[in-house]
Amino acid sequence: MRAVFVQVQCIPGKTYAVADALFEREIASELYSTSGDYDLLMKLYIPEDVDIGKFIDENVADVPGIFRTLTTLTFKAF
């Protein structure tokens, strides 16, 4: 499994609805509200054989209220 972080920028006033929808999908190991340019930070574990872009597109980006996402891939945990 590969750890992937996704920052989520929401349409104003939709952060809690987006967080609830993502939580209901049971794809995140951790989901936080954050300050700064993005409203949510989500940690996912994606199997090595799964296309990350397709996974994000099909499981995250289609949630109503999401304006933009930023995906960060990880390599090695220390």
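Q: What makes a residue buried, partly exposed or exposed?
A: Buried means under 20% relative accessible area, exposed means over 50%, and partly exposed lies in between (1.4 Å probe, protein chains only). The model here is predicted: local features need pLDDT of at least 70, side-chain atom pairs count only at pLDDT 80 or more, and totals for chains, interfaces and linings use all residues. Residues are numbered from 1 along each chain as its sequence is written, and side-chain values use heavy atoms, with hydrogens and water left out.

Q: Why is leucine 70 called partly exposed?
A: Its relative accessibility is 37%. Partly exposed covers the range between the two cut-offs, so leucine 70 counts as partly exposed. Leucine 70 sits in strand β4. Strands (E, at least two residues) and helices (H or I, at least four) are DSSP runs, numbered from the N terminus.

Q: What does leucine 70 touch, leaving aside its neighbours within four places in sequence?
A: Leucine 70 is in contact (heavy atoms within 4.5 Å) with Phe5, Val6, Gln7 and Tyr38.

Q: Why is tyrosine 38 called buried?
A: Its relative accessibility is 15%. The cut-off for buried is under 20%, so tyrosine 38 counts as buried. Tyrosine 38 lies in the loop between β2 (28-33) and β3. Not counting residues up to four places away in sequence, tyrosine 38 touches Gln7, Val8, Gln9, Arg68, Thr69 and Leu70.

Q: Why is glutamate 26 called exposed?
A: Its relative accessibility is 71%. Glutamate 26 is in the loop between α1 and β2. Glutamate 26 also has a positive phi of about 55 degrees, although it is not a glycine.

Q: Is glutamine 9 buried or exposed, and how do you know?
A: Glutamine 9 has a relative accessible area of 17%, so it is buried. Its place is in strand β1.

Q: How do you know that the buried residues of α2 line one face of the helix?
A: In α2, Ile52, Phe55 and Ile56 are buried. Seen down the axis of α2, its buried residues fall within an arc of 95 degrees, so they line one face. The arc is that of the directions from the helix axis to the C-beta atoms. Their cover includes β1, β3 and β4 (66-73).

Q: What makes a set of residues a nonpolar core?
A: The set holds buried Ala, Val, Leu, Ile, Met, Phe, Trp, Tyr and Cys residues joined through side-chain atoms within 4.5 Å. The largest such core here has 18 residues. Val6, Val8, Val18, Leu22, Met42, Leu44 and Val60 have the most contacts inside it. The elements giving two or more residues to this core are β1 (2-10), α1 (15-24), β3 (40-46) and α2 (52-59).

Q: How do you know that the chain agrees with a compact globule?
A: With 78 residues, a compact globule would have a radius of gyration near 12 Å; the protein chain has 12 Å, so the values agree. The radius is taken over C-alpha atoms, and the globule rule is 2.2 Å times the number of residues to the power 0.38.
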